[in-house]
Amino acid sequence: MKAVFDRLYDAYHQDLFQFIFYMVKDRALAEDLVQDVYIKVLNSYSSFRGESSEKTWLFSIARHVTYDYFRSAGRKRKRIMDFFDWQEKGELIPDQAPLPEEIAVKSEEIGQLYRHLDKCTPDQKSVLILRYIQSFSIQETADILNFSTSKVKTTQHRGLKTLRTSMLKEQKKGGDG
Amino acid sequence: MRDKEKKQIIDTLRSLPQVKDTSNKDDLYQRISLNLHQKKRQPKRQRKLAPVLGTLMAAAILLIIIPVYIGNAPFENSGDQSANQAAEDSAAEFSTNDTAEESSSQTMEAPGAESKASGVQENGESYVIQQSDENKTIMYGAVADRQQQYVIPLAFPVSAGEDLSAYYNQLDAYINAEDWGLSDYMFEDVSFSLDEEKERVTMNIPDDFTIGEGATASYLFEQTLTKMFTPHNIREVAFESENGNGVELGPIGVIPEMPLYENEKESFKLHTTEQGSRSFLVPVPNEEQTTIQEGLEALKLSEASFDVYRTIPEGVDFSAETEGSQLLLHYTGNNGVLDNQETVTMIESILMTAKSYGFETVHFLQFPLEQTGKYNLTEPLPVPEAVNPIRHEG
């Protein structure tokens, strides 16, 4: 099992970690979730029959793990504040949480966009991260998310629009202030 | 959105920095290896049959009632070979295969029950219970798939007025997860006490109970409870431990109770495995803002890596229109549709998907067939009461 882990880790780990990190925007949580991904992958590796590429399979599991976390966190928040709806508000991590070091050293525009990623739904966020941060093709993104390619394109368009609307709203608020 | 604005956002997304995991690889493997095959499959223990009389009666009632619910599906078993094979091989039994304890299975062989129960098999495969009458009720179970990506709901028809808690406390004996190619039932050693008036179920949990490690284990735990109890309008689960010190629920922590919320919108696809003896409809969650049209589109996509398969075949398309609580589905496909198991499975997966989107009836319009299986497609079809009936193999 160690040999399988070594091979998968060497080939995909940093990409997997980065995908999860940008989804949840919390380094410690990303470390926990990537660990969950490997547990699921290694526990079911013998049943992987190669219907998809190994890479697609790994990222599909990462996506499932991340979504399960979101849903669970959403329900947990709902328990605390019964009116909270993570899919509408999407703010799992508060907007004003300190930026991670990698982002903080970048331009204001990048920092702003990073914060506004939380305004996207998990589907939109997944598509934007896979397409533009991980540089996956539309087909690869579709395979990972189990979307049709047309749904990837629609979700991508909606995600970009959500980002723009949210950023414009904040700029306007800043201007008014 | 103007192209220039779009390009600017895309460029900024592409400028986001690479983020590296700086933690140690060997440490990571150490942590992972502690959880690999943590839950070894153990020979299934037969729960003690208490109260014995109630259990014997319940078992007999189950067998007599099931055909009334699901025995009216006269259609041909052709089409999807894997599903048919799964149906033929179905080991969905109301007793375990445990040879050490035969008392439970013996109770299932009540006089006159065997022939009725075996008749169910002859009628082909239905993935739903359409509607029960007022004298019947349904007990719900749920298990995760082998890869623990999805939670599959199960339905056990029982006589109304019986003590549901007694049924629930025997549930592990009815779930043959290993044969079905699924993960173990999570609550094998847990006992339940339902209070439908107070919309509450109390779980008595043994001290060694664990929901597993990892940030997502709690989701499977909650989903399993949700699918088992929200159909009974249960809104809260209270936890009790044997030692009275509270229950450690892994990532959830120690909590005295937990509310249950209705499930989100879902697309019901076909779950079938090579090694499993039967197949199921598995709900795949969708985002809350998705439309029914999007929910139906998802039925055209398989996730073979997770043993999940499309239910709407190539060339079959629908255009959705809403009329109050009725979903109108105009057939717009290019292909003809055959009266076979594949079509029945498609209809049932659409009905269940429509139900999760809040519809009460579905009317198929311009559909190439007037009848398939038990479904008269010229009339609006009510959404089913439950999915994945567990039937006795005669």
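Reader: What makes the link between the side chains of Gln124(A) and Thr162(A) a polar contact?

Author: Their separation does: the two side chains meet at 3.2 Å. A polar contact is a pair of N or O atoms within 3.5 Å; within protein, one must be able to donate a hydrogen and the other to accept it, and residues adjacent in sequence count only if both atoms are side-chain atoms. Do keep in mind that this is a predicted model, where local features need pLDDT of at least 70 and side-chain atom pairs count only at pLDDT 80 or more, while totals for chains, interfaces and linings use all residues. Residues are numbered from 1 along each chain as its sequence is written, chains are lettered from A and ligands numbered from 1 in the order in which they are written, and side-chain values use heavy atoms, with hydrogens and water left out.

Reader: Why is Gln124(A) called buried?

Author: Its relative accessible area is 9%, and buried means under 20% (exposed is over 50%, partly exposed in between, with a 1.4 Å probe and protein chains only). So Gln124(A) counts as buried.

Reader: Where is Gln124(A), and which residues is it in contact with, leaving aside neighbours within four places in sequence?

Author: Gln124(A) belongs to helix 7 of chain A, residues 122-133. Helices (H or I, at least four residues) and strands (E, at least two) are DSSP runs, numbered from the N terminus. Contact means heavy atoms within 4.5 Å, and Gln124(A) has such contacts with Thr155(A), Arg158(A), Gly159(A) and Thr162(A).

Reader: What makes Glu54(A) and Arg7(A) a salt bridge?

Author: Their side chains come to 2.9 Å, N to O. A salt bridge is a side-chain nitrogen of Lys or Arg within 4 Å of a carboxyl oxygen of Asp or Glu, so this pair qualifies. The pair links distant parts of the chain, with Glu54(A) in helix 3 (residues 54-80) and Arg7(A) in helix 1 (residues 2-24), 47 residues apart.

Reader: Are those two partners buried or exposed, and why?

Author: Glu54(A) is buried because its relative accessible area is 15%. Arg7(A), at 40%, is therefore partly exposed.

Reader: How do you know that Glu257(B) and Arg200(B) form a salt bridge?

Author: Their closest N and O atoms are 3.8 Å apart, which is within the 4 Å cut-off. Glu257(B) lies in strand 7 (residues 257-259) of chain B and Arg200(B) in strand 5 (residues 200-205), so the bridge ties together parts that are 57 residues apart in sequence. Glu257(B) has 36% relative accessibility and counts as partly exposed; Arg200(B), with 26%, is partly exposed too.

Reader: How many salt bridges are there over all chains, and which residues are linked in a network?

Author: The structure holds 23. A network of salt bridges links Lys2(A), Asp6(A), Asp10(A), Lys25(B) and Asp26(B).

Reader: Why is Arg2(B) called exposed?

Author: Its relative accessible area is 60%, and exposed means over 50%. Its salt-bridge partner is Glu5(B), at 3.3 Å, N to O. Glu5(B) is buried, because its relative accessible area is 18%.

Reader: What does chain B hold in helices and strands, and how much of it is buried?

Author: Chain B has 12 helices and 17 strands. Buried residues make up 58% of its 394 residues.
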